[in-house]
Amino acid sequence: PTDYATYKAKLSQLRDDTQDYVYSLSGQRYPVFFITYQLSHKIKTSDAVARAQFDLDRDNEFFGIATPTYILPTNNDGMGHLSPVGYKLLGAYFGRAFKQVVFDKIKPKGIKPISAVKNGTAITVKFNVPQLPLKFDTTNLPPTTNQGFAVYDSTGANLTLSNVTVSNDTVTLTLAADNTNALTVKYAYDYLANPNSKQLNANSASGNLVDSTTDSVVISGTSYPMFYAAPHFTLPVKTLGI
């Protein structure tokens, strides 16, 4: 699979080349903005694409993520292709992001991880959130182990969590035992929902963290919620000193 640095550089270059072409063709001088999804398919096999998409959304003013795709139903072909409803939902997410860029003059909204801080056995993960409060949705999304969260230490060990809770803009992860190594929080990289009603490939991963946005879209007479779902992400953990 394509490595992280190559994919990120090529996607960034594609936007630059597209802008040059649009400028030469139309005389437009407004920057060209790229809206992408975040790939969830086979993320446990290679996370390079999802990480690059997340980092471009975070660091590049001309990129934005409409949604991670783990929330969308697939056609169960093992290749990550969405079902007809899945593609219609993805189109609705892109449409909302397009409206925010073109009419609202803002980057597409989303749940944005800010920091992870450890105090004793508790790790608090803070987020910017489109519509508070955050919540764990196990009604529209099938439940994932630890709601999709994992904590790793510097030896590569996946640490046992005794509790995962959410309140307002914060998720608290409680370690079963204290650990003084350097730690990293990961979300939607390690576990797959069970039962996997979204029909993701077994090497994909998911989570349950969403905001309280009440947007919806009707597809073939059925209403589907359009909350913002947390992206796949990693965060280094800072430890509070005494």
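A nonpolar core is a set of buried Ala, Val, Leu, Ile, Met, Phe, Trp, Tyr and Cys residues joined through side-chain atoms within 4.5 Å. Buried here means under 20% relative accessible area, with a 1.4 Å probe and protein chains only.

Okay, before we use that, a quick word on the model. It's a predicted one, so to speak of local features we need pLDDT of at least 70, side-chain atom pairs count only at pLDDT 80 or more, and totals for chains, interfaces and linings use all residues. Residues are numbered from 1 along each chain as its sequence is written, and side-chain values use heavy atoms, with hydrogens and water left out.

In soluble globular proteins, nonpolar side chains tend to be buried together. The largest nonpolar core here has 44 residues, and Ile 123, Phe 127, Phe 149, Leu 173 and Val 185 touch the most other members. Helices (H or I, at least four residues) and strands (E, at least two) are DSSP runs, numbered from the N terminus. Helix H3 (84-102) gives this core the most, five residues.

What does Val 185 touch, not counting residues up to four places away in sequence? Contact means heavy atoms within 4.5 Å, and the list for Val 185 includes Ile 123, Phe 149, Leu 173 and Phe 233.

There's also a second, separate core of five residues, including Leu 11, Val 32, Leu 56 and Phe 63.

Leu 56 takes us to helix H2, where it is one of the buried residues. Nine of the 12 residues of H2 are buried, so the rest of the structure largely encloses this helix. Among the things covering those buried residues are helix H1 (4-26) and strand S1 (34-38).

Now have a look at His 41, in the loop between S1 and H2. Is His 41 buried or exposed? It's buried, with a relative accessible area of 19%. Its contacts, again leaving out residues up to four places away in sequence, are Gly 78, Met 79, Gly 80, Asn 201 and Ser 204.

Last stop, the pockets. On a 1 Å grid over the protein atoms alone, a pocket is an open set of points where a 1.4 Å probe fits, with protein on both sides within 12 Å along at least five of seven lines; lining residues have an atom within 4 Å of a point. About 330 Å³ of space lies in the largest pocket, and Val 32 turns up again in its lining, along with Tyr 30 and Lys 105, among others.

Key
Buried means under 20% relative accessible area, exposed over 50%, partly exposed in between (1.4 Å probe, protein chains only). Grid points are joined across faces, edges and corners, and a volume is the space filled by probe spheres set on the points.
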